[in-house]
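Reader: I'd like to go through this one with you and ask where the labels come from. Could you show it to me?

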Amino acid sequence: MKNKTSIPKGFDGLVNDVIGFCKRKSYPLERLKERATLAYDGSLAASSWTDQELTARLDEVKAEVRRKHDDTTLLKGLACICEAAVRTLRVRPYVEQIMGALALHDHYAIQMHTGEGKTLTATLAAVLSGWQG
């Protein structure tokens, strides 16, 4: 005869709920990669802009991101931030780093290995979050 397992209570129940929530709430990587690729392509397109055009566009997109919280505006802003990183740090963020920034911005915890650009990834997400207020 099988033993019936009881429903966890107290702290065990809380841990069980958190584990279940995390299993159900997985981030769709395909969609994340699509969004990151769009931002990366936008940053490549922005590489032809002059510094004055980039500065003007950053100010414009910053105000737009603060007003509208839609995905298109967010990706335009991220593309501009990536191009600013290229010009100031001489480092172009990879698609994977942009994916990490988008996941962080969407309140997910991410894990990256040594040398994968955690600082740049966190900075991209921090700027986006700062712009949204």
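Author: Helix H2 (residues 29–46) packs against helix H4 (residues 71–89) at an angle of about 50°, with the axes 8 Å apart. This is a predicted model, where local features need pLDDT of at least 70, side-chain atom pairs count only at pLDDT 80 or more, and totals for chains, interfaces and linings use all residues. Residues are numbered from 1 along each chain as its sequence is written, and side-chain values use heavy atoms, with hydrogens and water left out.

Reader: What makes H2 oblique to H4?

Author: The angle of about 50° makes H2 oblique to H4. Angles under 35 degrees count as roughly parallel, over 145 as roughly antiparallel, 65 to 115 as roughly perpendicular and the rest as oblique. Axes are lines fitted to C-alpha atoms, for helices over the stretch in contact, and angles run from 0 to 180 degrees between N-to-C directions.

Reader: Which residues of H2 and H4 meet?

Author: Contact means heavy atoms within 4.5 Å. Among those that meet are Leu38 and Ala39 in H2, and Leu78 and Cys82 in H4. By class, this contact of H2 with H4 has eight nonpolar, two polar and five charged residues. Ala, Val, Leu, Ile, Met, Phe, Trp, Tyr, Cys and Pro count as nonpolar, Asp, Glu, Lys and Arg as charged, and the others, Gly among them, as polar.

Reader: Why are H4 and H5 called oblique to each other?

Author: H4 and H5 pack at an angle of about 130°, with their axes 12 Å apart. They are therefore oblique to each other. Leu74, Leu75, Leu78 and Cys82 in H4 meet Ile98, Leu102 and His105 in H5. That contact of H4 with H5 has six nonpolar residues, one polar and no charged.

Reader: Where do H3 and H6 make their contact?

Author: The axes of helix H3 (residues 51–67) and helix H6 (residues 118–132) come within 7 Å and cross at roughly 65°. On the H3 side the contact is made by Leu58, Val61, Lys62, Val65 and Arg66, and on the H6 side by Gly130, Trp131 and Gln132. Four of these residues in the contact of H3 with H6 are nonpolar, two polar and two charged.

Reader: Which helix gives the largest share of the lining of the largest pocket?

Author: H5 does, with five residues. The lining as a whole divides into ten nonpolar, three polar and two charged residues.

Note on methods. Helices (H or I, at least four residues) and strands (E, at least two) are DSSP runs, numbered from the N terminus.
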